[in-house]
Amino acid sequence: MFNMGETANAVSALEQALDTTLEPGSRAELISHLMLAAGIIGDFELGLSVGPEVVDRMDLPEPAQLRSIMAMTVIQTMTGKLDRIIERLDRGEALAVRHSELQPFAPDQMGLNRILALHALGSLTEADQFAGDSIRRGVGLPGPWLFVRTMVRPLTGEILDAGRQSRQALDQLEQIDPLGLRPLSAAIHALLLAMAGDVPPSQLLLEQVM
């Protein structure tokens with residue numbers, strides 16, 4: 001349903017499944033998917049209402065804990081409801097490292113969630129430093145880390161450097177893009193080109209991805 005663009009139908013199917021699912025680990029999996037699906041259609045309040053049932057339950061299977069944290073921290077940053085988010089990110093990152101063989105892109109996703117959280121908390125310098133340190137340490141794939149760094153750099157006034165890194169991010173995401181970031185990365189690169197006064201290439205890039 002996600003791949004076919006039928007996200008609203010996916011939300012309904014997940015809600016129906018939850019009505020008849022009692023096993024805690026299975027409920028956690030369904031709720032994690034429901035939070036993300038509802039977020040895609042803009043219903044973040046649904047995610048906030050169902051997430052607390054599972055996100056802080058330490059007795060659930062660890063993969064289920066990880067997925068619920070990944071989903072909940074995204075919802076929190078989108079709504080600005082940031083209570084306990086750093087605590088959850090710390091736990092989620094530890095789980096992502098432990099289960100990276102089962103979910104190879106989980107460390108990248110948890111790192112992106114931390115960047116978004118720091119951004120929402122107003123800690124722009126810390127967000128930029130976290131992304132830079134992750135790139136230097138070779139954490140995960142370079143494309144997503146370069147992408148999130150280009151989200152922060154313009155806000156600290158480093159437009160030209162952000163433009164260079166956004167080009168690098170776009171090149172990396174053309175090779176492998178497990179989190180589906182390339183269209184947004186292209187839009188950010190086009191915006192940075194325009195901010196630097198390079199308008200025609202910016203317009204051309206936007207026409208290519210629209």
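Mentor: The axes of helix 2 (residues 24-40) and helix 4 come within 9 Å and cross at roughly 25 degrees, where axes are lines fitted to C-alpha atoms over the stretch in contact and angles run from 0 to 180 degrees between N-to-C directions. This is a predicted model, in which local features need pLDDT of at least 70 and side-chain atom pairs count only at pLDDT 80 or more, while totals for chains, interfaces and linings use all residues. Residues are numbered from 1 along each chain as its sequence is written, and side-chain values use heavy atoms, with hydrogens and water left out.

Trainee: So how are helix 2 and helix 4 oriented to each other, parallel or antiparallel?
Mentor: Helix 2 and helix 4 are roughly parallel, because angles under 35 degrees count as such.

Trainee: And which residues in helix 2 and helix 4 meet?
Mentor: On the helix 2 side they include G25, A28, S32 and L36, and the helix 4 side includes P63, A64, R67 and A71, with contact meaning heavy atoms within 4.5 Å.

Trainee: Changing topic, what is the phi of R84?
Mentor: Phi of R84 is near 65 degrees, a positive value in a residue other than glycine. Most residues other than glycine have a negative phi.

Trainee: Where does R84 lie?
Mentor: R84 sits in the loop between helix 4 (62-79) and helix 5 (85-98), and R84 is partly exposed, with a relative accessible area of 42% (between the buried limit, under 20%, and the exposed limit, over 50%, using a 1.4 Å probe and protein chains only).

Trainee: Which residue takes a positive phi just after helix 10?
Mentor: That is G197, with a phi of about 90 degrees.

Conventions. Helices (H or I, at least four residues) and strands (E, at least two) are DSSP runs, numbered from the N terminus. Angles under 35 degrees count as roughly parallel, over 145 as roughly antiparallel, 65 to 115 as roughly perpendicular and the rest as oblique.
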